[in-house]
Amino acid sequence: MELKVGVIGCGNIFNLAHKKALRGIEGIRVVACMDIDPERAREGAKEFRAKAFTSLDEFLDTEVDVVEVLTPTYTHAELAVEALKAGKHVIVEKPIALTVEEGERMIKTAEKKDLHLFVGHVRRFDKRWMQMKEVIKKRNILPMHIRKAEVQNLPFPRDYWYWDENRSGGVAVDLGVHVTDFLRWFFESEPVSVYAVGKSIKEEARANGTFDHFMMMIKFEGGKTGIAEVSWAYPYPSRYGVFYHHVDIIGKNGRIRYTPLDTPVVGVAKANFEMPRFSPLLSTFPDAFERELRHFFNCIKGKEEPVVTAEDALIALKIAERAKESARKGEVVEV
């Protein structure tokens with residue numbers, strides 16, 4: 001059974017991750033690529049000898065089984081719902097949507113149409129975290145407190161959509177859902193309440209009235225607590241800086257700590273000082289995207305059961321959304 005795949009959005013995440021991942025997966029064929037930029041659509045389609053589109057209606061009229069939505073966050077819901085209504089399974093990049101209400105509409109549409117909706121929470125397919133989860137189970141660590149930090153320098157100019165909270169959700173949503181989902185995944189427990197504090201450090205954040213450094217303190221069922229720290233404000237002299245992960249897990253029967261070794265501690269001095277990166281993605285090993293997509297396609301074919309669902313993605317967004325509310329109010333908010 002070969003699945004015909006169509007891609008909407010031939011920009012950053014397509015070129016950095018999905019393009020290579022899709023080429024490495026057997027049993028699928030990319031037959032259509034769409035982008036509002038005609039040149040990007042043509043370049044994307046050229047990679048797969050596929051058809052290029054700039055019109056959503058024309059794109060959805062093609063014989064496509066699965067649509068990948070790789071566009072800015074504020075467009076996720078509209079594009080996913082239209083694809084589902086057209087009878088296509090949908091894979092959408094995280095976060096599931098800009099708001100919980102939009103995410104709920106996507107899930108309800110998928111259920112009504114009896115179609116699959118998957119959200120690319122790629123951390124669940126990163127070997128580092130998969131191995132850590134296995135160690136916790138095998139050694140019966142029983143996590144009670146986890147601190148997870150994901151911090152970077154966001155290199156984009158202040159008029160770029162990431163800095164507009166009405167389009168990206170801000171750092172609390174864009175990076176935050178990675179960490180809120182990670183905590184829930186590792187605790188295997190549901191969130192109860194959250195207290196959050198945000199800061200506007202870089203000029204780009206201040207100009208847009210948004211936070212670029214955000215801390216969440218989340219209480220989970222069973223007395224478990226998680227601290228999520230996400231940032232776009234870490235200074236770095238070049239356009240793209242290193243992406244740091246820090247994980248500290250304290251359990252009833254032990255402790256696990258991870259400090260990033262993906263960037264060498266030795267820098268390279270040329271005209272500028274450089275620190276080589278393990279991946280242009282900064283945050284995830286490239287093979288995680290291939291592992292993720294292969295799993296989603298196998299689920300659509302009925303060969304596997306989903307390890308992460310759209311409902312999981314919705315809860316991750318809900319925690320981040322409540323955290324933003326907490327930061328505004330300066331008080332604890334129930335999830």
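How many salt bridges are counted between domain 1 and domain 2?

Analyst: The count between domain 1 and domain 2 is 1 salt bridge, a salt bridge being a side-chain nitrogen of Lys or Arg within 4 Å of a carboxyl oxygen of Asp or Glu. This is a predicted model, in which local features need pLDDT of at least 70 and side-chain atom pairs count only at pLDDT 80 or more, while totals for chains, interfaces and linings use all residues. Residues are numbered from 1 along each chain as its sequence is written, and side-chain values use heavy atoms, with hydrogens and water left out.

The two parts are as follows. Domain 1 covers 3–119, and domain 2 covers 123–284 + 308–334; these bounds come from an automatic or database domain assignment. Their C-alpha centres lie 25 Å apart. The contact (heavy atoms within 4.5 Å) takes 22 residues from domain 1 and 22 residues from domain 2.

The area buried between domain 1 and domain 2 is about 1700 Å², and carbon and sulfur atoms give 68% of that area. Buried area here is the accessible area (1.4 Å probe) that two parts lose on being put together, summed over both. On the side of domain 1, Lys94, Leu98 and Val100 lose the most area to domain 2, together 30% of what that side buries.

Lys94 also takes part in a salt bridge: its partner is Asp174, and the closest N and O atoms of the pair are 3.4 Å apart. In general, side chains of opposite charge can pair when their charged atoms come close. Between domain 1 and domain 2 there are also 4 residue pairs in polar contact, both residues at pLDDT 80 or more. A polar contact is a pair of N or O atoms within 3.5 Å; within protein, one must be able to donate a hydrogen and the other to accept it, and residues adjacent in sequence count only if both atoms are side-chain atoms.

Helix H1 (12–23), helix H5 (100–113) and strand S6 (117–120) each supply at least two residues of the side of domain 1 that touches domain 2. H5 gives the most to that side, with 6 residues. Helices (H or I, at least four residues) and strands (E, at least two) are DSSP runs, numbered from the N terminus. By class, this side of domain 1 has 14 nonpolar, 4 polar and 4 charged residues. Ala, Val, Leu, Ile, Met, Phe, Trp, Tyr, Cys and Pro count as nonpolar, Asp, Glu, Lys and Arg as charged, and the others, Gly among them, as polar.

The backbone at Lys94 deserves a remark as well. A cis peptide bond joins Lys94 and Pro95, with omega about -10 degrees, whereas most peptide bonds are trans. Pro95 is placed in the loop between strand S5 (89–93) and H5.
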